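Please look over the structure below before reading on. The briefing after it goes through a few topics in turn, for a reader who is new to this model.

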Amino acid sequence: MHGGDLIASVLARQGVEFLFTLCGGHISPILTGAKAQGIRVIDVRHEATAVFAADAVARLTGVPGVAAVTAGPGVTNTITAIKNAQLAQSPVVLLGGATATILRGRGALQDIDQMALFAPHVKLCESVGRVKDLVPTLERAFEAALSGVPGPVFVECPVDLLYDEATVREMIGAKAASEAKSLPDMALQLYLRAHLARVFAGAGKAVARARVVPELPTAFPHAIARAAKLLQGAERPVIVVGSQATVRGPQETARLRDALERIGAPVYLSGMARGLLGARHPLLYRHKRTAALREADVVVLAGVPNDFRLNYGLHIGRKAKIVALNRSESDARKNRRPTQAIIADPCESLLSLARELDAGRDVLAPWKDRLRTRDREREQEIEQQATATAELVPPLRLFATMDRVLADDSVLVADGGDFVATASYTTAPRGPLSWLDPGVFGTLGVGAGFAIGAKLVRPDAEVWLLWGDGSAGYGLAEFDTFVRHGLGIIAVVGNDASWAQIARDQVTLLGDDIGTVLRRTAYEKVAEGFGGAGLELRDAAAIDDTLARAKALAGAHTPVLVNVHLASSDFRKGSISM
């Protein structure tokens, strides 16, 4: 068993089903070892895609997603994706190849200080120096990724730790003592043999342990009691649930839903929590969240910081009592001091709160009616706008139709600016963990990797990849990956020949569209070139038929790209995030 096999044995024990990679000579034994363990190896066209796919798997399963990339440029290409996982609090394990330990600092190919590069962006950053340390280091990495505030980890695996000793001996030119012909050669061989002895000492004793189950951060009972008292006395409570509340995966979403139903307060969902209550739950409100927060007397932020998405806390009325449920103390106190902070897992905290409250409270009915009226009025406004006609396809009409035809098991992947922001406002995810967006980092280019991860985790589900035409440029080559691995993904490109979200404000404020203009490229032809199917949509009257054809193709395991030529729209006018 070589080092790559040892790593694969840990992955298997930790419940890893997929290993995402772009191959490289430094990591080949990890890939073959994973395959031998029954782990499906998915090779992609860019290292960032590998990490984005691992990120998606982590978010959808609660099990850390794993990517392996080669040394030097392989690992540097992942930095943005790793930073995205860090800010999204997603448990990702990145295995990085590295030059042989004996060649480090001697001018070897792709030998850089990878630890300095990753240390600021991950929870654990370790370089392994001996074969016997591969297993315990990787197990510590899994535990670190899942514990406390989840996040990515980086384990550097030098290439001489991954092959068997005989191969490495030949690789570095180690000879038997009798073969050394000169004093310098004898000294060199002595040094090499000593180095090998250290690298391989105890290698045969390393054995992977059972799956890591980190201890959950739990709340102090008196903190839960105080928060419950605030909620019990509230007349206009609002709960905002964010991604951190769902980080433990699908096995906890039913309990989370039960807790919210028992508490009975109006709920707004964001990030990965979208879809938690289904599309039409009586406690779910989708529109006019800012107005609700300004009028609320108690606001519960479950895994949601007061960052730019809540206008740094200014969306919440000054007199409101804030209950912050968060694994991160800094996030719980960001920009607004909460009335009650509970530094613990938000899902468990909501469950504890639900147990403290009296069931069957009906004093909230007038408040709920007011919010529901606003919700319906906004829905009607959007429905009215969606009937507008234009020479090309109005975005609202596209999404109104898409929302109508989405399957109950569909997963929506959002990657873009104006186009996907419109989608997030007008489409309703059908169930828990059925919406994937980059999160607070706002990274363009997550889409292809997220879609790959989602389709692998849920092979029978419809996976819709919503791409702005700008963001599509980051991942179109992954249609090759979709085709090679038989992933029937539906990619919908909103083609307005523009970086529209930037252009809208840039032109208004500065009177110049420089740098924001694209072409109405035939993206469907690109998909066809990689072996997928391509559909072009220019007429709103053909939306139903085109989406039906896309669903049929994807159902037959053919990835398909729908290139939608959009009409101009001012639906997002005035919206800007900084």
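**Salt bridges, a strand pair and a cavity**

Arg370 counts as partly exposed, at 39% relative accessibility. The model is predicted, and the points below begin with the partners of this region before moving to other parts of the chain.

**Salt bridges around Glu295**
- Glu295, which is partly exposed with a relative accessible area of 26%, meets Arg370 in a salt bridge of 2.7 Å, N to O.
- Because Glu295 lies in helix 12 (residues 289-295) and Arg370 in helix 15 (residues 365-385), the pair ties together parts that are 75 residues apart in sequence.
- Glu295 also forms a salt bridge with Arg374, with the closest N and O atoms 2.4 Å apart.

**Salt bridges around Arg248**
- The side chains of Arg248 and Glu348 meet in a salt bridge (2.9 Å, N to O), and this pair links distant parts of the chain, 100 residues apart.
- Arg248 is buried at a relative accessible area of 17%, and Glu348 counts as buried at 18%.
- A network of salt bridges links Arg248, Glu252, Arg255, Arg327, Asp345 and Glu348.

**Strands 16 and 17**
- Four of the five residues of strand 16 (residues 533-537) are buried, so this strand is largely enclosed by the rest of the structure.
- Strand 16 runs parallel to strand 17 (residues 560-565), joined by five bridges, and the chain crosses between them through helix 23 (residues 543-555) in a right-handed β-α-β crossover.

**Cavity**
- The largest cavity has a volume of about 40 Å³, and its lining residues divide into seven nonpolar, one polar and two charged.

Conventions:
Residues numbered from 1 in each chain as written. Predicted model: local features only at pLDDT ≥ 70, side-chain atom pairs only at ≥ 80, totals over all residues. Heavy atoms only, no water. 1 Å grid on protein atoms, 1.4 Å probe; cavity = no way out; pocket = protein on both sides within 12 Å on 5 of 7 lines; lining within 4 Å. Points joined across faces, edges and corners; volume = space filled by probe spheres on them. Nonpolar A, V, L, I, M, F, W, Y, C, P; charged D, E, K, R; others polar. Buried < 20%, exposed > 50% of the residue type's maximum accessible area, 1.4 Å probe, protein only. Helix = DSSP H or I, 4+ residues; strand = E, 2+ residues; numbered from the N terminus. Pairing = 2+ DSSP bridges. Right-handed = clockwise from strand over helix to strand, strands pointing away. Salt bridge = Lys/Arg side-chain N within 4 Å of Asp/Glu carboxyl O.
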